Amino acid sequence: GFSTVYLVEDSDTHKKYALKKIICHGPEDQQQAAREIEYHDILKHPNIIPCVNSSQNGIADPVVNATGEVYLVLPYYHRGTLANELERRSKIIHYFTPIEILNIFLQICEGVRAFHDVKPEPLAHRDLKTANIVIGDGMTPVIMDLGSVSLARVKVCGAQEAQSLQDIAAERCSMPYRAPELFNVESYCMIDERTDIWSLGCILYALCYFKSPFDAVYERGDSVALAVISANISFPESAPYSE
């Protein structure tokens, strides 16, 4: 489904919230939105965004051109996302210190581990990036947008299944943070939670140098897939970090 996020305020308490509105055009969209709410119920962790409340309005039916709407009430983080913070810092060349990087990154890893530790089957976020991490009090990173979450371990049997998974990745996983195995899914393979580990590496790079190692490739319009698959990564010499 297509989603939009609004800033709203409780008329009684005047507390601000983020209201995520998902427009569903068919049963598959509604099932995906329902799973997103379910994942919020499963994943209770200080580094994963909670869902305060949710509701559904209407039933999606493409036969009669009817859409359904799903609403999620989420906490509002006034500092914005980690991507916003890195953009602010890049403009004034204000690098995080190594201790700050490790503190933020460790908490992100703890949040990701909560996905991977779900029983009986682990989950994967599949779209980890700096724009999907909001900043709470004390620079606490909080992983958001559970719309891309899925079962971590997917057994691919055949070219059709491989193409289907590749299409889903193209739709839900941002290119500069997407794992190489999702750019070119093999016909017989196992995709698992290691896709998130690749994204974590890109986030760690961004914490050090303000952007993913593949953002510049994406902005130039060059092939991100080729750069990722060939692991074509360079490290700026101007950054104040030791080897």
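## Phe 115 and its surroundings

Phe 115 touches Leu 43, Ile 48, Pro 122, Leu 123, His 125, Ile 143, Leu 146 and Val 149, leaving aside residues up to four places away in sequence. Contact here means heavy atoms within 4.5 Å.

This is a predicted model, in which local features need pLDDT of at least 70 and side-chain atom pairs count only at pLDDT 80 or more, while totals for chains, interfaces and linings use all residues. Residues are numbered from 1 along each chain as its sequence is written, and side-chain values use heavy atoms, with hydrogens and water left out.

## The nonpolar cores

Phe 115 is also one of the residues that touch the most other members of the largest nonpolar core, together with Leu 43, Leu 82, Ile 108, Ile 203 and Leu 207; this core has 40 residues. A nonpolar core is a set of buried Ala, Val, Leu, Ile, Met, Phe, Trp, Tyr and Cys residues joined through side-chain atoms within 4.5 Å. Buried means under 20% relative accessible area, exposed means over 50%, and partly exposed lies in between (1.4 Å probe, protein chains only). In soluble globular proteins, nonpolar side chains tend to be buried together.

Two or more residues of the core come from each of helix H2 (82-91), helix H3 (98-116), strand S6 (133-135), helix H6 (194-209) and helix H8 (224-229). Helices (H or I, at least four residues) and strands (E, at least two) are DSSP runs, numbered from the N terminus. H6 gives the largest share, eight residues. Because domain 1 (3-75) and domain 2 (80-230) both contribute residues, this core lies between them. A second, separate core of 15 residues includes Cys 51, Val 70, Leu 74 and Val 142.

## The two domains

The protein is divided into domain 1 (3-75) and domain 2 (80-230), with bounds that come from an automatic or database domain assignment. Their C-alpha centres lie 22 Å apart. The contact takes 12 residues from domain 1 and 19 residues from domain 2.

Between them, the two domains bury about 1,300 Å², of which 64% is on carbon and sulfur atoms. Buried area is the accessible area (1.4 Å probe) that two parts lose on being put together, summed over both. Tyr 39, Leu 43 and Asn 47 supply 42% of the area that domain 1 buries against domain 2, more than any other three residues.

Strand S1 (residues 2-9) and strand S2 (residues 16-24) pair in the antiparallel sense over eight bridges; two strands pair if DSSP finds at least two bridges between them. Val 8 has Tyr 17 of S2 as its bridge partner. S1 and S2 form a hairpin with six residues between them. His 14 lies in the loop between these strands and has a phi near 65°, a positive value in a residue other than glycine. At 52% relative accessibility, His 14 counts as exposed.

S2 also pairs with S4 in the antiparallel sense, over eight bridges, and Ala 18 has Leu 74 of S4 as its bridge partner. Strand S3 (residues 53-57) pairs with S4 in the antiparallel sense over five bridges, with Asn 53 opposite Val 73 in S4. Seven of the eight residues of strand S4 (residues 68-75) are buried, so S4 is largely enclosed by the rest of the structure.

## Gln 32 in helix H1

Gln 32 belongs to helix H1 (residues 27-42) and is buried, with a relative accessible area of 11%. Its side chain reaches the backbone oxygen of Gly 147 at 2.6 Å. This is a polar contact, a pair of N or O atoms within 3.5 Å; within protein, one must be able to donate a hydrogen and the other to accept it, and residues adjacent in sequence count only if both atoms are side-chain atoms. Not counting residues up to four places away in sequence, Gln 32 touches Gly 147, Val 149 and Arg 172.

## Loop features

The loop between H3 and S5 holds Pro 120, and the peptide bond from Lys 119 to Pro 120 is cis, with omega near 0°. Glu 121 is placed in the loop between H3 and strand S5 (123-124) and counts as partly exposed at 44% relative accessibility.

Asp 145 is found in the loop between strand S7 (141-143) and strand S8 (150-151). Its phi is near 60°, a positive value in a residue other than glycine, and Asp 145 is partly exposed, with a relative accessible area of 28%.
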